[in-house]
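Please look at the sequence and the structure together before reading on. The points that follow are grouped by topic, and each can be checked by finding the named residues in the display.

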Amino acid sequence: MRDPRIQVLAKNLITYSVELQKGEKVLIENFGLQRELVTALVQEAYNAGGFPFVLLKDHQVDRSLLMGAQEEQLAMMATFEAQVMSEMDAYIGLRAGDNISELADVPSDKMALHGKTVGTKVHREIRVPKTKWVVLRYPSSSMAQLANTSTEAFEDFYFNVCNLDYSKMDQAMDSLVSLLDRTDKVQLKGPGTDLTFSIKYIPSIKCAGKRNIPDGEVYTAPVRDSINGTITYNTPSPYQGFTFENISFTFENGKIVEATANDTERINKILDSDEGARFIGEFAIGVNPYIQHPMKDILFDEKIDGSFHFTPGQCYEEASNGNNSSIHWDIVMIQRPEYGGGEIYFDDVLIRKDGRFVLPELEALNPENLK
């Protein structure tokens with residue numbers, strides 16, 4: 001018997017996240033073959049009068065393809081998938097799997113080539129700017145293990161996070177968007193962190209269930225050459241199959257001039273992927289009240305209550321600072337007291353301390369007011 005929370009999630013994804021209308025086509029791309037949610041999404045798409053299409057993928061199969069992939073082959077793959085994506089009005093990307101490190105031994109040059117072909121042509125050029133899209137994970141025993149919980153407890157956590165009232169969160173974000181849009185200088189402070197940059201004239205975008213599930217962030221981008229100082233992240237960050245820890249970047253006029261981590265050589269290879277990889281494409285503030293601790297899954301970790309992420313690589317078109325790259329790597333810093341605390345200042349005014357908003361107009365975003 002299907003968990004009734006799955007049908008609620010599927011309905012929310014179809015009717016709220018991508019707002020599927022009668023006659024519209026939606027591509028449901030599933031990594032990991034989660035039949036229950038895919039079936040529920042198909043049913044809800046039909047209920048909305050839409051036309052669902054399903055594409056099934058598997059990370060182990062992808063690894064086999066990437067290990068021997070050549071540029072001509074990946075270019076053809078990109079052309080094939082781009083043709084499908086270009087026909088769609090909406091996209092739901094369902095990510096699941098039993099091993100977050102499945103791609104750990106794929107050579108970095110193969111991963112970079114995949115990003116420059118399939119990632120760019122299909123997702124950056126078509127899916128992101130031209131469809132109504134949302135991406136989410138699906139609970140599994142491996143995710144429960146990463147979160148250090150039982151499988152049943154993780155499922156309860158997952159559905160609390162994914163089925164919360166995102167329309168309420170959407171309204172609560174308006175004051176933060178307004179303040180960001182009036183701000184020039186941002187300063188981030190915390191253990192190993194003292195960073196300044198400008199966000200002047202860069203739009204800010206609220207994310208409340210329309211692009212990611214779970215959701216809960218407001219993002220903008222720094223003026224590309226304005227960043228100076230050092231940031232030391234305090235969460236583990238899986239990227240290209242490897243989990244990085246103790247990441248620290250030093251910036252001069254926007255560029256990462258020094259990068260260290262538990263594998264300094266590997267992180268610098270990623271940052272040398274192209275010119276834009278050493279510049280920042282996104283600054284975002286996380287506010288999801290149910291997500292308190294990192295679990296090595298960026299769709300959850302970047303929304304952590306009291307966090308922010310500062311992202312090397314590609315900027316978003318809606319909040320563009322002109323930075324272009326084949327990578328977009330969200331790396332998270334948590335500023336709640338148990339993670340060392342920290343402050344965010346806008347134009348020299350303290351707006352958040354130790355993970356809590358201190359300005360009256362922003363208090364609606366504190367966790368007790370979003371649950």
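Predicted model: local features only at pLDDT ≥ 70, side-chain atom pairs only at ≥ 80, totals over all residues.

**The strands around β5**

- The hairpin of β5 and β6 has two residues between its strands, and in this hairpin glycine 192 takes a positive phi near 70 degrees.
- β5 pairs with strand β18 (residues 343-346) as well, again in the antiparallel sense, and this pairing runs over four bridges.

**The parallel sheet**

- Five strands, in the order β2-β1-β3-β4-β8, form an open sheet in which the pairing is parallel.
- The edges of this sheet are taken by β2 (51-57) and β8 (212-213), each of which has a single partner strand, so one side of each is left without a neighbour in the sheet.
- Within the sheet, strand β3 (residues 90-95) and strand β4 (residues 132-137) run parallel and are joined by six bridges, and one of the pairs to look for is alanine 90 with its bridge partner in β4, lysine 132.

**Strand β15 and its partners**

- Strand β15 (residues 280-286) is mostly covered, since seven of its seven residues are buried, where buried means under 20% relative accessible area.
- Strand β9 (residues 217-220) pairs with β15 in the antiparallel sense over four bridges, and here valine 218 has isoleucine 285 as its bridge partner.
- β15 also pairs with β16, in the antiparallel sense and over six bridges, and glutamate 282 finds its bridge partner in threonine 311 of β16.

**Helix α10 and what covers it**

- In helix α10 (residues 264-271), the residues Ile267, Asn268, Ile270 and Leu271 are buried.
- Seen down the axis of α10, these buried residues fall within an arc of 155 degrees, so they line one face of the helix.
- The cover over the buried residues of α10 includes the strands β11 (237-239), β12 (242-244), β13 (248-252), β14 (255-260) and β16 (307-312).

**The cavity**

- The count comes to one cavity of 30 Å³ or more, and about 30 Å³ of space lies in the largest cavity.
- The lining of the largest cavity is made up of Thr235, Pro236, Ser237, Pro238, Ile298, Asp301, Asp330, Ile331 and Val332, and the elements that give two or more residues to this lining are β11 and α11 (298-301).
- Sorted by type, the lining residues of the largest cavity divide into five nonpolar, two polar and two charged.

**Backbone details in the loops**

- A cis peptide bond, with omega about 0 degrees, joins isoleucine 213 and proline 214, and proline 214 lies in the loop between β8 and β9.
- Asparagine 246, found in the loop between β12 and β13, has a phi near 55 degrees, which is a positive value in a residue other than glycine, and asparagine 246 is exposed, with a relative accessible area of 57%.
- Aspartate 354 lies in the loop between β19 (349-353) and β20 (356-357), and the phi of aspartate 354, near 50 degrees, is likewise a positive value in a residue other than glycine.
- At 25% relative accessibility, aspartate 354 counts as partly exposed.

How values were computed
Residues numbered from 1 in each chain as written. Heavy atoms only, no water. Buried < 20%, exposed > 50% of the residue type's maximum accessible area, 1.4 Å probe, protein only. Arc of directions from axis to C-beta. Contact = heavy atoms within 4.5 Å. 1 Å grid on protein atoms, 1.4 Å probe; cavity = no way out; pocket = protein on both sides within 12 Å on 5 of 7 lines; lining within 4 Å. Points joined across faces, edges and corners; volume = space filled by probe spheres on them. Nonpolar A, V, L, I, M, F, W, Y, C, P; charged D, E, K, R; others polar. Pairing = 2+ DSSP bridges.
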